[in-house]
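Subject: A structure for you to look at

Hi there,

Here is the structure I promised to pass on. Please have a look at it first, and then read my notes below.

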Amino acid sequence: MGVVIIDGSTVRDFVSDEAQFKKSVDERFAAFDLNNDGVLSRGELRKAFESMRLLESHFGIDVATTPDQLTQLYDSIFEKFDCDRNGTVDVEEFRAEMKKIMLAIADGLGSCPIQMALEDGDENLLKRAADLEASKSNSKASS
């Protein structure tokens, strides 16, 4: 387990580094695309969000949400991602929505740093933002 410290500028810098952001988001997309058809179905996107346990817990504490409520939540998430309303989410749609989500997180964090505890092997986008920031700091220190 590791701990990273991030703030809004860390997340914003990550999103503005187009090559790193695209690579990271595309890797997440590929991991979620279980049948490797190049698009995310409603079920694949739901499985991805279920694995993150964002909707079933509140600050790490399980909350009681009925299956119908969860289905409605996941359906509304899918609708946000499926911009062209064709029933699937392609990588461009996924990238665009993830960018919006990351920038909303950055706005929410502002200049107040937070500590995040991460499981070993956790490769979420916030960790990648922290890793990018750390690599910049390390390269400045060695210069």
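**What I found**

The protein chain exposes about 8,700 Å², and carbon and sulfur atoms supply 55% of it; such areas come from the Shrake-Rupley method with a 1.4 Å probe, and for residues only the protein chains shown count as cover. Please keep in mind that this is a predicted model: local features need pLDDT of at least 70, side-chain atom pairs count only at pLDDT 80 or more, and totals for chains, interfaces and linings use all residues. Residues are numbered from 1 along each chain as its sequence is written, and side-chain values use heavy atoms, with hydrogens and water left out.

**Overall layout**

The protein chain has six helices and six strands, in the order β-α-α-β-α-β-β-α-β-α-β-α from the N terminus. These are DSSP runs numbered from the N terminus (helices: H or I, at least four residues; strands: E, at least two). Of the 143 residues, 31% are buried; buried means under 20% relative accessible area, exposed over 50%, and partly exposed in between (1.4 Å probe, protein chains only). Take the contacts (heavy atoms within 4.5 Å) between residues at least 6 apart in sequence: 67% of them join residues at least 24 apart.

**Asp 33**

Asp 33 sits in the loop between α2 (18-32) and β2 (39-40). Asp 33 is buried yet has no salt bridge, and the nearest side chain of opposite charge, Lys 47, is 11 Å away. For charge, Lys and Arg count as positive and Asp and Glu as negative, while His and the chain ends are not counted. A salt bridge here is a side-chain nitrogen of Lys or Arg within 4 Å of a carboxyl oxygen of Asp or Glu. A polar atom of the Asp 33 side chain does lie 3.2 Å from the backbone nitrogen of Asp 37. Leaving aside residues up to four places away in sequence, Asp 33 touches Gly 38, Val 39, Leu 40 and Glu 44.

**Salt bridges**

The structure holds nine salt bridges. Arg 42 takes part in one with Asp 75, where the closest N and O atoms are 3.1 Å apart. Arg 42 lies in helix α3 (residues 42-52) and Asp 75 in helix α4 (residues 67-81), so this pair ties together parts that are 33 residues apart in sequence. Arg 42 also bridges to Glu 79, with the closest N and O atoms 3.0 Å apart. Glu 79 lies in helix α4 too, so that pair ties together parts 37 residues apart in sequence. Salt bridges that share partners also join Lys 22, Asp 26, Glu 92 and Arg 95 into one network.

**Aromatic rings**

Rings of Phe, Tyr and Trp (its six-membered ring) pair if their centres lie within 6.5 Å; planes under 30 degrees apart count as stacked, over 60 as edge-to-face and the rest as tilted. The count comes to five aromatic pairs. One of them, Phe 14 with Phe 21, is edge-to-face, at 5.5 Å centre to centre with 75 degrees between the planes. Phe 14 is buried, with a relative accessible area of 0%, and Phe 21 is buried at 5%. Phe 29, Phe 32, Phe 49, Phe 81 and Phe 94 form one aromatic cluster.

Enjoy exploring the structure!

Best wishes

Conventions: A polar contact is a pair of N or O atoms within 3.5 Å; within protein, one must be able to donate a hydrogen and the other to accept it, and residues adjacent in sequence count only if both atoms are side-chain atoms.
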